[in-house]
Number of protein chains: 4
Amino acid sequence: MDVIEFAPTPEQYGWSFGGTAPIRRVRPGSVLQLWSDDAFAGRLRDTKDRASALLDTRYTNPQTGPFFVEGAEPGDTLALHFVSIEPARDWGVSTTLPLFGGLTGTTRTATLQDPLPELTWVYEIDSAARTVTFNANESDHRILLPLEPMLGTVGVAPERGEVRSTAVPDTFGGNMDTPEMRAGATCYLGVNVEGALFSIGDGHARQGEGESCGVAVETAMNVTMIVDLIKGGAPAWPRIEDDRHLMTVGSGRPLDDAWRAAQVDMIGWLGGLLGMGKMDAYQLLTQISESPIANMVDPNFSAAVKVAKDLLPPMRAYGGMHQHLRELAAGL
Amino acid sequence: MDVIEFAPTPEQYGWSFGGTAPIRRVRPGSVLQLWSDDAFAGRLRDTKDRASALLDTRYTNPQTGPFFVEGAEPGDTLALHFVSIEPARDWGVSTTLPLFGGLTGTTRTATLQDPLPELTWVYEIDSAARTVTFNANESDHRILLPLEPMLGTVGVAPERGEVRSTAVPDTFGGNMDTPEMRAGATCYLGVNVEGALFSIGDGHARQGEGESCGVAVETAMNVTMIVDLIKGGAPAWPRIEDDRHLMTVGSGRPLDDAWRAAQVDMIGWLGGLLGMGKMDAYQLLTQISESPIANMVDPNFSAAVKVAKDLLPPMRAYGGMHQHLRELAAGL
Amino acid sequence: MDVIEFAPTPEQYGWSFGGTAPIRRVRPGSVLQLWSDDAFAGRLRDTKDRASALLDTRYTNPQTGPFFVEGAEPGDTLALHFVSIEPARDWGVSTTLPLFGGLTGTTRTATLQDPLPELTWVYEIDSAARTVTFNANESDHRILLPLEPMLGTVGVAPERGEVRSTAVPDTFGGNMDTPEMRAGATCYLGVNVEGALFSIGDGHARQGEGESCGVAVETAMNVTMIVDLIKGGAPAWPRIEDDRHLMTVGSGRPLDDAWRAAQVDMIGWLGGLLGMGKMDAYQLLTQISESPIANMVDPNFSAAVKVAKDLLPPMRAYGGMHQHLRELAAGL
Amino acid sequence: MDVIEFAPTPEQYGWSFGGTAPIRRVRPGSVLQLWSDDAFAGRLRDTKDRASALLDTRYTNPQTGPFFVEGAEPGDTLALHFVSIEPARDWGVSTTLPLFGGLTGTTRTATLQDPLPELTWVYEIDSAARTVTFNANESDHRILLPLEPMLGTVGVAPERGEVRSTAVPDTFGGNMDTPEMRAGATCYLGVNVEGALFSIGDGHARQGEGESCGVAVETAMNVTMIVDLIKGGAPAWPRIEDDRHLMTVGSGRPLDDAWRAAQVDMIGWLGGLLGMGKMDAYQLLTQISESPIANMVDPNFSAAVKVAKDLLPPMRAYGGMHQHLRELAAGL
């Protein structure tokens, strides 16, 4: 089993999905031990820091990658299993950015109101105690929250030669900002270009569903993952599997469309796995779907649709790939 | 403690929020033991039954109520605690309706495509075993699902003299179709008219988040609830509290607006309970919000925003009303 | 030909569609000479006036009506021809209202930003010169604009016993706020209740398409109109015909749905008038549709779809009703 | 004055905004005489032709360009004046494509319904008579429509290194599909990259506002245009000026956001030209805006906002650039 360690220098950061030359070639079955900087490339560190002064806010979510997966061809399915996602720092940062976020007019939902104030919060991360500490800006509140690390961005190169900002989630994955992208999960992505060219980044020590203000507890991450490849079977939208759930993640605007995409993809997935007709799968999903919002802040919004495996008859998605990768991970 | 039993005859069914004379007067603190018919008034019973043939599909969700709560005035807060919600039948029904549902063009999202087929599913409900059994229409699949009863509609008379269909969720509650409306929950609704005029209905033996096809496992319900009243403090949107979560429920189109309403209301609620400024509460909610979609099918879509109490410092919403009602319920 | 004159006293103003007893009974073919107060019932008169101080802003658009049309039954089509719509005052008023309008967060599209300032503009109306004069608040700009009077609200009682605020546009017409509702136009509305119960109001000395800030040049109006009735044929959405165009008006949120509704209704109308199949009518409309936005500010947004009659083969909508009413109007 | 003639070979067609090497360098002030193929690269010619069989429908709107404008730097404003846009063929074609268009579920607004039928219409174009003839597929209707040629796509390379499909409209222009892009108009686009890298394509012999089915009367075009450059002043969104109107074009989803963007940009433009405060410009625009929908079918929807110059005090946008280019054009 190949084990590849890689931590990019700032010059090696990737700032797009597509349009970037691969940083490494990896074989299916490889283990990657990666480091990924935070969404602001570490430039926000103090409650007095302001993103609009310290960086070009059009460039966020520096990626570790892209990786060229040998043998991956358009129409194939990339399987990315996250063995561990652990903070690489003992602090994280969040902020409000002018005209960005879910509860403000934005550059896309333009209003004439004054922007909300730009403020920064610094969180303490205690990986041993598994806590993230919120400190209010305007009062003395100090609240310990569970550490629940995740990756905001996991994506491949888009189809049709498009190059998209690392702020964008879409069919190629990208900045989905779903808390479901945690250790123990396997993400399935359709391959659009030779080598797939996947990358990861935007680590969050924790994040609420919807990511209301647009910025989670941003921190650098150490990520151990296993890369595998399934020939053919490319899903229309990103899928995630963990021990308890099958999930699909749709992205679009309005949120209605993100949800619709995830639902329709799940109906197709369930129908195929269970050998069930479209209308029956629609009916079944109506009664068992979990539908947490992922993000309401990015250029596309994202919605996850989850189905608990224990509600379903026994089935093996992608030939048991998730279980296979869990077992490999356990042996590391 | 007053105990009021009431099961409406078909002539007594309520078909709107507002515009209906009260069926009973109740004092705050009363216990209600109610029966509520299913969304189709029991007219769909067989997989061969078709709603479009058997009923006027513009009239669904017959209400039990409205109840006039003594002393309730505009600006007050009604507290409805659900002690138990139990199926009153051993079967439930679901269906697709032409041009209704989340994954089809509808009368509001008009397209030129042919409608999906109209199909009906009948579920077996085993209250002792706590199961609901799905039987596929086109194949032999038979899947046992957990019984998780809930009420689709809980609402008061709207403000401004409006009269709304029982299909509609809005600031007055109504057809929110959130699985959070289950036994053990307390729903807080702002009072718009003297007496509040609340009603309940649309029992679901279970429902997925989003209610994709538009119809859950519809069944008649026996509901035991306690009604209480808080003077003043009317929330802008419905709120729900249970032992583990504070919740707000926004409704609107697109789903974005439902989510925004619920988030903004939660920020105001948290800020008030914790004595925290708006921007700090926005930041905190960003990291702790749970955001399950409630319905993507009704005239307004609905989204719940949940905050786990164990993530927050100790606080008592509405003076500890939920705990008080839980204790009363335990003594019944 | 009956000629009915009516100017309501403030106690007679109608504040809803549906739920109000008829103020007069009229026979099809009657001429009505009506006066209608402005959207604020005349309470805003000076640039220093503030709606939020002077009135309950939930109550706007006082209606003149409702009128009971003899013989009108559900499923029929009401034809309302506007012979003249002329300002009844030499001034009009516009204003911004907190959290209302197209370019601000609102009560339905909730954000955390501060509201825009509440300001009032007073316009001079010169009916002889056919001008409306804009005077800037913060500078010396004074701009003469053409007087182009129209009615913001024209509606009937909703179906299903609903009662809706006079702020709402929907299938029953209502607060569509389209500049197409001008003298010379015939509005066709589906009848939902016996007598139709139509009303008019919300006169605008002029209004841009979209009504960005939410408030046009509001003024009282003298309206001469002819009421007629077509048995059957109720359209799904309001339709308007003038000498040059056939029009449909859809309402909903987001604006996408308003446009879709108007397009689908126009395809059905064109198909029926021309004897053309659905796909051909869709294709034809694709190349000839005019699509002005009506309002982006009300509880539902509205979009008009227009087809120029001179692009079409000769046809007579509703048996030539518009031409008939034009001739009657010419004879008044 | 440089005069550059260019007609691309199929190998030279551009299939994206950004990511393509310039085909020519041009100096500001140059005249370009261009030929542009139709949206389907001429592959649909008969009513029996089906796009899904004859081409990769992900690749439409082949561009003529991109052109590198000497001296153009990020933040500058490119002025593109269309002297003439004339059909290069005596036929045009339209079609329905499965899961594409405004009145059907799509790949972005996913539903479970069957797609609409895929049909093709061939139009006769008579440039001398200025007519476009519609021939129905299912009946004998034959309708002569006015020839009103326009360009669906006019765009520059996007910011941030993005590469976007030629199906997409956004801040960089692109596939806006607005009938306002006709001969006599000047389009202003913000420059994002050195040389601007603009291109044109997607000629329509005519198109309705909204482009309901997603495909106009597609035909190859001969285009004469003048290219000029204004240092600085890059607008946030594309702007268009003709002899009668100032226009802005916003794009986004839902259509609400496209309209909002165009409105806010127009308010800034008007405010600057007239020396008027934001709130006064908002008020003025409320009463004078024309708001035709451009497209409801592309990955972003587009809305134009128009202001008639004759309603405004005398002013000169961009130092009178449009008038200057009109005069140059008259001298060709």
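Q: How do α2(A) and α3(A) lie relative to each other?
A: In this predicted model, α2(A) and α3(A) are roughly perpendicular to each other. Angles of 65 to 115 degrees count as roughly perpendicular, under 35 as roughly parallel, over 145 as roughly antiparallel, and the rest as oblique. Helices here are DSSP runs of H or I with at least four residues, strands are runs of E with at least two, and both are numbered from the N terminus.

Q: What should I know about the numbering and the model?
A: Residues are numbered from 1 along each chain as its sequence is written, while chains are lettered from A and ligands numbered from 1 in the order in which they are written. The model is predicted, with local features needing pLDDT of at least 70, side-chain atom pairs counting only at pLDDT 80 or more, and totals for chains, interfaces and linings using all residues; side-chain values use heavy atoms, with hydrogens and water left out.

Q: Thanks! What angle do helix α2 and helix α3 of chain A make, and how far apart are their axes?
A: Helix α2 (residues 255–274) and helix α3 (residues 278–288) of chain A pack at an angle of about 115 degrees, and their axes are 9 Å apart. The axes are lines fitted to C-alpha atoms, for helices over the stretch in contact, and angles run from 0 to 180 degrees between N-to-C directions.

Q: Is the crossing of α2(A) and α3(A) left-handed or right-handed?
A: The crossing of α2(A) and α3(A) is right-handed. A crossing counts as right-handed if the near helix is turned clockwise from the far one by less than a right angle, and left-handed if anticlockwise.

Q: Which residues of α2(A) and α3(A) meet?
A: From α2(A) there are A:Gln263, A:Met266, A:Ile267, A:Leu270, A:Gly271 and A:Leu274, which meet A:Lys278, A:Ala281, A:Tyr282, A:Leu284 and A:Leu285 in α3(A). Contact means heavy atoms within 4.5 Å. By class, the contact has 8 nonpolar, 2 polar and 1 charged residues. Here Ala, Val, Leu, Ile, Met, Phe, Trp, Tyr, Cys and Pro count as nonpolar, Asp, Glu, Lys and Arg as charged, and the others, Gly among them, as polar.

Q: Switching topic: what rotation puts chain A on chain B?
A: A rotation of 180 degrees with 0.0 Å of shift along its axis superposes chain A on chain B, with an RMSD of 0.0 Å. That is the relation of a two-fold axis.

Q: Sheets next. What is the strand order in the open sheet of chain A?
A: That open sheet has 6 strands in the order β3-β5-β16-β11-β14-β13, with mixed pairing. Two strands pair if DSSP finds at least two bridges between them. At the edges stand β3 (24–26) and β13 (169–170) of chain A, each with a single partner strand, so one side of each has no neighbour in the sheet.

Q: How does β13(A) pair with strand β14 of chain A, parallel or antiparallel?
A: β13(A) and strand β14 (residues 173–174) of chain A pair in the antiparallel sense over 2 bridges. The bridge partner of A:Asp170 in β14(A) is A:Gly173.

Q: What phi does A:Arg130 have?
A: A:Arg130 has a positive phi of about 60 degrees, although it is not a glycine. A:Arg130 is found in the loop between β8 (120–126) and β9 (131–135) of chain A.

Notes:
Least-squares fit on C-alpha atoms with pLDDT ≥ 70 in both.
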